Amino acid sequence: MTPRAITIRLAEPRDAQAIALMSRDFIETGLGWKYDAPRVLRAIRDRETLAVVACESAKGGLAGAITAFAIMEMGDERAHLVLLAVRPTHRRQGIGLRLLEWLIESARTAGMASVHLELRSTNDAARRFYRAAGFYETVLVPGYYRGGEGRKEGALRMLRVLRAPGPLPYTWRPPRTEDT
Ligand SMILES: CC(C)(COP(=O)(O)OP(=O)(O)OC[C@H]1O[C@@H](n2cnc3c(N)ncnc32)[C@H](O)[C@@H]1OP(=O)(O)O)[C@@H](O)C(=O)NCCC(=O)NCCS
């Protein structure tokens, strides 16, 4: 199959339902459904949160179906990658990595020192994916995820360092009028 062109763009309110369903089906399986459409909509509208989607380019240049999405929250210095998923039909085509690199560049531009995330400790595919993207494991948190019927699952925290923590070096100063 010839890979079709993929466009990455900021998520819009009309994408909330599709993103929420992808989160339910590909990320939150067995843990309840926290990222339903209203919550995703709040994330899309939040100024401190980046929500992005990858879309397959449809015929005639129109925007096609969402094949992947990601949500990342920006803190003072730490960005938190909350969710990222690619449709099973589109995996291992580099889409996840492109989406992640897009977010990492945005975090770097926003002055973030590091990007953090958690994933289910049993999610070996995602662990390998994040390692391939330059993340490393920091700590295992037993019982982090809680689903229905007392179900608990451990989380693995991962981190990618973007720069040394602390204030940003001065790279820009406001222009001054020349002394005459
Ligand atoms: C994890 C996930 C996002 C990867 O997306 P993807 O688009 O398939 O990943 P890419 O094609 O960009 O893969 C980049 C590299 O990551 C690694 N990788 C990705 N998936 C892998 C897998 N299933 N097994 C081993 N390595 C994997 C490989 O090194 C891969 O490079 P390669 O294909 O040249 O070998 C996708 O499998 C997914 O959506 N999983 C379900 C949701 C999820 O677990 N999200 C993460 C927690 S929020």
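**Briefing: core, ligand shell and an exposed loop residue**

The largest nonpolar core holds 39 residues, of which V52, F69, A70 and L103 touch the most other members. Two or more residues of this core come from each of α1 (16–26), α2 (37–45), β2 (49–57), β3 (63–74), β4, α3, β5 (114–120) and β7 (152–161). The structure discussed here is a predicted model.

**The nonpolar core**

- The element that gives the most to this core is β4, with six residues.
- L103, one of the core residues with the most contacts to other members, touches L50, V52, A70, M72 and L81 when residues up to four places away in sequence are not counted.
- In soluble globular proteins, nonpolar side chains tend to be buried together.

**Overall organisation**

- The secondary structure of the chain consists of four helices and seven strands.
- Along the sequence, these elements follow the pattern β-α-α-β-β-β-α-β-α-β-β.
- The chain has 180 residues, and 24% of them count as buried.
- Taken along the principal axes, the box filled by the C-alpha atoms is roughly 75 × 50 × 30 Å.
- Of the contacts between residues at least 6 apart in sequence, 58% join residues at least 24 apart.

**The shell around the ligand**

- The ligand is surrounded by 20 residues, and the closest are R91, G96, L97, A125 and R128.
- Among the contributing elements, α4 gives the most to the shell, with five residues.
- By residue class, the shell divides into 13 nonpolar, four polar and three charged residues.

**R151, a residue in a loop**

- R151 lies in the loop between β6 (136–146) and β7.
- Is R151 buried or exposed? R151 counts as exposed because it has 12 C-beta neighbours inside 10 Å, and a residue with 12 or fewer falls into that class.
- Apart from neighbours within four places in sequence, R151 is in contact with G30 and R146.
- The C-alpha atoms of R151 and E12 are 34 Å apart in space, and the two residues are 139 residues apart in sequence.

Terms used
Residues numbered from 1 in each chain as written. Predicted model: local features only at pLDDT ≥ 70, side-chain atom pairs only at ≥ 80, totals over all residues. Buried ≥ 20, exposed ≤ 12 C-beta atoms within 10 Å, placed from the backbone. Contact = placed C-beta atoms within 7 Å. Near = placed C-beta within 6 Å. Nonpolar A, V, L, I, M, F, W, Y, C, P; charged D, E, K, R; others polar. Core = buried A, V, L, I, M, F, W, Y, C linked by C-beta atoms within 7 Å.
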